[in-house]
Amino acid sequence: MRSDDVEEITIHCGGLALLASEPLPLRRRPLTSIDAKFSIPFIVSVALAHHKVLLGDFLPKNLGDPAVLSLADRVRVRHDPRLDDGAGFRGAGMVKAVLEVKTRDGNTRTARVEYAHGGPDDPMSVDERRAKFEDCAAYSAVPIPAADIRRIIELVSTLEQQEDLRELFQLLNGRR
Amino acid sequence: MITEALAEFIARTRFADLPEVAVTAAKRLWLDSIGVAMAGSAEPLSAAITSYIREQAGPPQVSVIGQGFRTSPALAALANGTMAHALDYDDISITWLGHPSAILVAAVLATGTRLEVSGQSALTGYVVGWEVGASIGRSIRHRIHEAGWHSTSVTGTIAAAAACANLAGLNADRTRTALGIAASMTSGMYLNRGTDTKPVHAGIAARNGMMAADLAARGVSAAADIFEGPGNF
């Protein structure tokens, strides 16, 4: 789906998710990285515009991405008590959601999410976990060489076979 | 006797007791937590924490993730826990009502390095801490937030103490005391979410939980019925 084809996006969600969509003007134009991470309009728009969501999308310099913001203006969020899952604050839902995208040709497409991706009911794949780790490691204050990143993944994946934590801890430090 | 039962669980659990699914999940969450700490290491908050702990001049024993130097176990736990939660990109548990791995990995890495434990012991301490945090979270639910406290660190301090007590091999009596000390060290205001102080909660919980176990190991006393006595946790 291309951003230009989108007329309107409606997210139906549980009560707790409203914390990440109100007040709507601020959530459509988050001013800080943490506000952007707690913004349904912003995150849904990143996903639609870029087809993936990365840490870099939340850097202060990327909060003004016009492709994302023009979509965020078309996002509406509606509370549907049927999506309250009993798990969140006072039983309000925070995970279940229905995404409804109305396109300019008059069609509507919907998708329903039951479980958060990355949770026990919908785990990330090995490749996704590795990609998140490598993406994160690239931001380290002291750069971590690529070979060390590979070795850290190997050491943690076989942690129960390691005699001690010495090598792992040396690598985590970053080298000067 | 909740405190006694928890202490016995903590003191007696060994690697062989862990279900395979727990070991697999633990290793995934370790990698994730280390990654998000690396990403968090470049945040202004992390520069502030790093500058603070450098000033404290701890002996170079435990690595500060992504910062290229070592410090004392307590200061490393403070920094590593904070950095892992700095971006709010770390794991979350709805049962625990908080962010377990930022606290537990920081506490286990620091204590584990000091005690030179094996990978199996480190994983065992981590899983034990997780179970204890989840048990507490399940019993207090959102009442804790309504009371103004942040469950990540309130629950996390006790969970970190449990992890470190297991790692250090404390017996059930001393572990029970560690829980009592840890309960007195819990902190974190829910009102601070969205600010730099929220990630610091994770660092404080890791450091305080470690300290509770370390003090209990030295015979410091605390209530043995912290979860059921009058005016309990």
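**Figure 1. Helices α3(B) and α4(B) meet in a predicted model.** From α3(B), the residues in contact are B:Leu45, B:Ser46, B:Ile49, B:Thr50, B:Ile53 and B:Gln56. From α4(B), they are B:Leu75, B:Leu78, B:Ala79, B:Thr82 and B:Met83. Two residues are in contact if their C-beta atoms, placed from the backbone, lie within 7 Å. The residues of this contact divide into seven nonpolar, four polar and no charged. Nonpolar covers Ala, Val, Leu, Ile, Met, Phe, Trp, Tyr, Cys and Pro; charged covers Asp, Glu, Lys and Arg; the others, Gly among them, count as polar. Helix α3 spans residues 44–56 and helix α4 residues 73–85 of chain B. Helices (H or I, at least four residues) and strands (E, at least two) are DSSP runs, numbered from the N terminus. The two axes come within 10 Å and cross at roughly 180°. That makes α3(B) roughly antiparallel to α4(B). Axes are lines fitted to C-alpha atoms, for helices over the stretch in contact, and angles run from 0 to 180 degrees between N-to-C directions. Angles under 35 degrees count as roughly parallel, over 145 as roughly antiparallel, 65 to 115 as roughly perpendicular and the rest as oblique.

Two notes apply to every view. Residues are numbered from 1 along each chain as its sequence is written, while chains are lettered from A and ligands numbered from 1 in the order in which they are written. The model is predicted: local features need pLDDT of at least 70, side-chain atom pairs count only at pLDDT 80 or more, and totals for chains, interfaces and linings use all residues.

**Figure 2. Helix α5(B) packs against helix α10(B).** Their axes lie 8 Å apart, at an angle of about 40°. The two helices are therefore oblique to each other. The crossing is right-handed. A crossing is left-handed if the near helix is turned anticlockwise from the far one by less than a right angle, and right-handed if clockwise. On α5(B), the contact uses B:Ala102, B:Ile103, B:Ala106, B:Ala107, B:Ala110 and B:Thr111. On α10(B), it uses B:Ala202, B:Gly203, B:Ala205, B:Ala206, B:Gly209 and B:Met210. By class, there are nine nonpolar, three polar and no charged residues here.

**Figure 3. B:His201 sits in helix α10 of chain B.** With 30 C-beta neighbours inside 10 Å, B:His201 counts as buried. A residue is buried if 20 or more other C-beta atoms lie within 10 Å of its own, exposed if 12 or fewer, and partly exposed in between; C-beta atoms are placed from the backbone. Leaving out residues up to four places away in sequence, B:His201 touches B:His150, B:Thr152, B:Ser153 and B:Gly188. B:Ser151 is 50 residues from B:His201 in sequence, yet their C-alpha atoms are 9.6 Å apart.

**Figure 4. Helix α1(B) has buried residues.** This helix runs over residues 2–12. Its buried residues are B:Thr3, B:Leu6, B:Ala7, B:Ile10 and B:Ala11. Seen down the helix axis, they fall within an arc of 125°, so they line one face of α1(B). The arc is that of the directions from the helix axis to the C-beta atoms. An α-helix has 3.6 residues a turn, so residues three or four places apart point the same way. The buried residues of α1(B) pack against α6, α8 (151–168) and α9 (172–184) of chain B.

**Figure 5. Chain B touches chain A.** The contact takes 37 residues from chain B and 34 residues from chain A. On the side of chain B, two or more residues each come from α2 (20–40), β1 (62–64), α5 (100–115) and α6 (119–140). The largest share, 11 residues, comes from α2(B). This side of chain B divides into 16 nonpolar, 15 polar and six charged residues.

**Figure 6. Helix α6(A) crosses helix α2(B).** Their axes come within 9 Å and cross at roughly 150°. The pair is therefore roughly antiparallel. The crossing is right-handed. A:Ile152, A:Ile153, A:Val156 and A:Ser157 of α6(A) make the contact with B:Lys27, B:Trp30, B:Leu31 and B:Ile34 of α2(B). By class, the contact has six nonpolar, one polar and one charged residues.

Figure 7. Most residues other than glycine have a negative phi, and most peptide bonds are trans. The peptide bond from A:Glu22 to A:Pro23 is cis, with omega near -10°. A:His51 has a positive phi of about 65°. Its place is the loop between α3 (40–50) and α4 (66–72) of chain A. A:His51 is exposed, with 8 other C-beta atoms within 10 Å. In chain B, B:Glu116 has a positive phi near 55°.
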